Amino acid sequence: MEHLNIDSLFLFDPLSAFFLCVIFLISLPSAVYSIGYLKGESSGLKTALAWFLLVLFLISMGLVVSVRNVFVFLIAWEIMSLVSYFLVVFDTKHEKSIQAGTIYIVMTHIGTAFLIAAFLIMFKYAHSFNFAAIKSACSLMPPQTRNIVFLFLLIGFGTKAGIVPLHIWLPYAHPQAPSHISSIMSGVMIKTAIYGIIRFVIFILGVNSSWWGVLILMLAVISCLVGVIYALMEHDIKKLLAYHSVENIGIILLGVGLAMLFISMNMPYLAVFSLIAGLYHLINHAIFKGLLFLCAGAVYKATETRDIEKLGGLIKKMPQTAVYFLLGAMAISALPPLNGFVSEWLTLQAFFLGAFSVEGGYRLFLGLCAAMLALTSGLAAACFVKAFGITFLAQPRSRYAQNAKEVSLSMRAGMFFLSFLIVVFGLAAAIIIKLLAKVASAATGINTSSMSFSLNNFILSPQAGKGVYLSTPLLAAVLATLGIAGFAIYKLVNREKAVIYKTWDCGYYKLDSRNEYTATTFSKPFRIAFSFFLLPYRKTQKIRESFYHVKSFAYETHTTMVFKKYIYEPILGLVFRSAKFMRKIQPGSIHLYLSYIFVTVLILIIFMRKF
Amino acid sequence: MQAIILFGVLASTYLMVIAKRTPALIRYFRYQSFFLFLATFAVAIEERQIDLYIIAGLLFVIKVCAIPYFLNRIIKRMKVSEDLGLFVNAQLSLLCVLGFTYLSWVFAERILAPRNEAQAIMLAVAFFVVLAGMFLMVFRMTALAQIIGLLVMENGLFLLASTVSGGMPFFVEIAIFFDVFVSVIIMGFFVYRINKLFTHIDVNKLSRLKG
């Protein structure tokens, strides 16, 4: 078995090191957080099991990004999928967990099937499982085969990453896992699929047709928009975050797809730059999505509900969690000077620089993608105004929120660490970009030593000499100064005029938390604006005592799950119908089973006679 | 001599196919096994090998005496109707089986590539016995018919093996004999239990057990 020689098993190039770093950065605080989170949740044995699964999960993810053998990669990949399945169904109290787990494991295995097919095609040409051998063999592959391998890899990794329309499992599975696991799954596990795309498509297969990049860009744009629009409609805080994972995977893939497009167009500088933007957003998303899931877990732990319509006023009960959530929300909404802003700015810059360097239809296409990215950021900001405002501000909407208490120290420590990282990754952008340039250079095989991405350690200048600069520390300083100045002016001018009184209610005198703004009302304009896609419908039910007196009135509004209804349900129906049809040959009669064998033998004999 | 023995095997198989009652089936099975014993015994005399004598002896003891006796005893103890329950009536069964005879002849002649005419006939008969055993298993209702069908198939395989390669190795042969005997006892026991539980041994009705 020379394939499994231990010396040729591991690969620690900059790309692997980068992903190992991401895994480490997110899992450490999540593990610390889980100490407090698991306390009082379940018995000692089950807690031990949770730790065991967590460690196994981390090891398998580490293996996925660091092996250099396709065979071992698949094994690690499968262990990762299975362990995460067990973590999704870990909370067996809820029936939903089992259902979510089933959807997850079916989808992930469809993905793995495509991966296996792609790897077997690669093996056929390389006669080896080693990355290096496959890489050299891939250049000899006929173009048709390369296209097929690319598509299989895209479907396989896309399922794990949650690209629309393969995202269907993500909003079910991520919310059902315990929160620290959601944070790792959403922050790190789906990133291993991005690692797969970068490693296998860009690094091993090599990009040489431009439609690959275009396809990924289109899928990415769709993922961005669909993810964020669904997130806007969602009231389950963890599901909302899961939909944002779909959106952010889209943003990451915008960088990756752009890099692929530029590689095929032979523009090394832009390719490296786009990949830097993608990788930067990858680690940023890992950090702030990890943080947001931890915060959501804290809210869940404190209130025992994930429905934001039942929350409210938590900023007074859980001030620290609120601050951490606000930081995460600001980062994911790409507000300066935090990390999300830097990476989205870089992605937008990559689009602009690209649009100015290409010709014809591509120029329009890249411009449109940039516009969609801008729209996505705006919608994300709106969504987090909703998420933060409804959850933490105003008055408690239910007794769940009234009885909330700040969570334990270990949970706050985990959240603090990630919040700290958000600020660091925002302010130290110039240094991090230099590091990411090395990663991108290793992944694409382009020599970056002659390229300059930065003037000094504080100012980002994506293309030296073009007059595009960004300095997050400077921005932070400006914002801080403005903020302090504004606060000071407010204090000086307005000090005497503050009056505390009840909200004016037009003489109703009975305003309570039921009259507050809700998440549904907040998202109504978006529901109307995107009604062509969301297909909202409402159900009303009146119960009358007489014609003039309505005793009760029920009103529900829903949105149609387009992908579920028009893609997955027809497929599922087909599977079930054909299964029912096939069941007819299984009537349970021994004679019939025997006769199947008998008839087969006879047919074989008659068939052989022909030859 | 060999021609007579083969004819005997063939004839007893046809008789089994047209049998309507279980005791008759068992009796014809005994005839078939007896002809098989004769065939082995003839070869043993010809080649003067102690192994073959032992195998022939075992054949006689197990297949001609022990198994039919055991099956008969089960029938008597179960006190069910002796009817075999034919899915396909005797005449049609015979027609089918004649068709199989032709098929196995064709199969033996063209596919198995026999060395001479005599071996071709032997192959055809052996293969036909296998097919007939399967036919019995499929088209007879009671569980006992299935056991006997299996035994007939085993007889056919024995014949096939001895024609193609001059018999299997001694120890394999012995092991098979004991396997067959033990399986008949186990299956007989099962059939007995099924009968006690459901008051019939109609396999067709077992499909009701399916969820």
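The UniProt annotation "transmembrane region", from an unreviewed entry, covers residues 29–45, 52–71, 86–108, 120–148 and 168–192 of chain B. UniProt positions follow the numbering used here, feature names are shortened, and annotations may be inferred rather than shown by experiment. This is a predicted model: local features need pLDDT of at least 70, side-chain atom pairs count only at pLDDT 80 or more, and totals for chains, interfaces and linings use all residues. Residues are numbered from 1 along each chain as its sequence is written, while chains are lettered from A and ligands numbered from 1 in the order in which they are written.

**Chain B: annotated segments and Gln32**

- Residues 29–45 of chain B are 100% helix and 0% strand, with end C-alpha atoms 24 Å apart.
- Residues 52–71 of chain B are also 100% helix and 0% strand. Their end C-alpha atoms are 27 Å apart.
- Helices (H or I, at least four residues) and strands (E, at least two) are DSSP runs, numbered from the N terminus.
- Gln32(B) sits in helix H2 (residues 22–47) of chain B.
- Gln32(B) counts as buried because it has 28 C-beta neighbours inside 10 Å. A residue is buried if 20 or more other C-beta atoms lie within 10 Å of its own, exposed if 12 or fewer, and partly exposed in between; C-beta atoms are placed from the backbone.
- Leaving aside neighbours within four places in sequence, Gln32(B) is in contact with Val9(B), Ser12(B), Thr13(B), Val152(B) and Asn155(B). Contact requires C-beta atoms, placed from the backbone, within 7 Å.
- Gln32(B) and Gln91(B) are 59 residues apart along the chain, and their C-alpha atoms are separated by 21 Å.

**Chain A: overall build**

- Chain A contains 23 helices and 2 strands.
- For 611 residues, a compact globule would have a radius of gyration near 25 Å; chain A has 27 Å, which agrees. The radius is taken over C-alpha atoms, and the globule rule is 2.2 Å times the number of residues to the power 0.38.
- Along the principal axes, the C-alpha atoms of chain A fill a box of roughly 105 × 75 × 55 Å.
- Of the 611 residues in chain A, 46% are buried.
- Among contacts in chain A with a separation of 6 or more, 79% join residues 24 or more positions apart.

**Chain A: domains and annotation**

- Chain A is divided into domain 1 (8–289 + 334–376 + 437–472), domain 2 (527–560) and domain 3 (563–609). These bounds come from an automatic or database domain assignment.
- The centres of domain 1 and domain 3 of chain A, taken over C-alpha atoms, are separated by 40 Å.
- UniProt places "domain: NADH:quinone oxidoreductase/Mrp antiporter transmembrane" (unreviewed entry) at residues 69–352 of chain A.
- Over that stretch, residues 69–352, chain A is 82% helix and 0% strand, and the end C-alpha atoms are 38 Å apart.

**Nonpolar cores**

- The largest nonpolar core has 184 residues. Leu153(A), Ile276(A) and Ile287(A) have the most contacts inside it.
- H11(A) gives the most to this core, with 24 residues.
- A second, separate core of 56 residues includes Met16(B), Leu52(B), Ala108(B) and Met137(B).
- A nonpolar core is a set of buried Ala, Val, Leu, Ile, Met, Phe, Trp, Tyr and Cys residues joined through C-beta atoms within 7 Å.
- Not counting residues up to four places away in sequence, Leu153(A) touches Leu115(A), Ala118(A), Ile197(A), Phe200(A) and Val201(A).

**Backbone exceptions in chain A**

- Most residues other than glycine have a negative phi, and most peptide bonds are trans.
- The Val164(A) to Pro165(A) peptide bond is cis, with omega near 5 degrees. Pro165(A) lies in the loop between helix H6 (143–161) and helix H7 (170–176).
- The Pro336(A) to Pro337(A) peptide bond is cis, with omega near 0 degrees. Pro337(A) lies in the loop between helix H13 (319–332) and H14 of chain A.
- Ala334(A) is found in the loop between H13 and H14. Its phi is positive, near 60 degrees. Ala334(A) is buried, with 26 other C-beta atoms within 10 Å.
- Glu304(A) has a positive phi of about 65 degrees although it is not a glycine. Its loop runs between helix H11 (268–303) and helix H12 (314–317). Glu304(A) is exposed, with 11 other C-beta atoms within 10 Å.

**Helix H14 of chain A**

- At 1.5 Å a residue, the 19 residues of H14 (residues 339–357) should span 27 Å; the end C-alpha atoms are 27 Å apart, which agrees. The expected span is 1.5 Å times one less than the number of residues.
- H14(A) is mostly covered, with 14 of its 19 residues buried.

Conventions. Contact = placed C-beta atoms within 7 Å.
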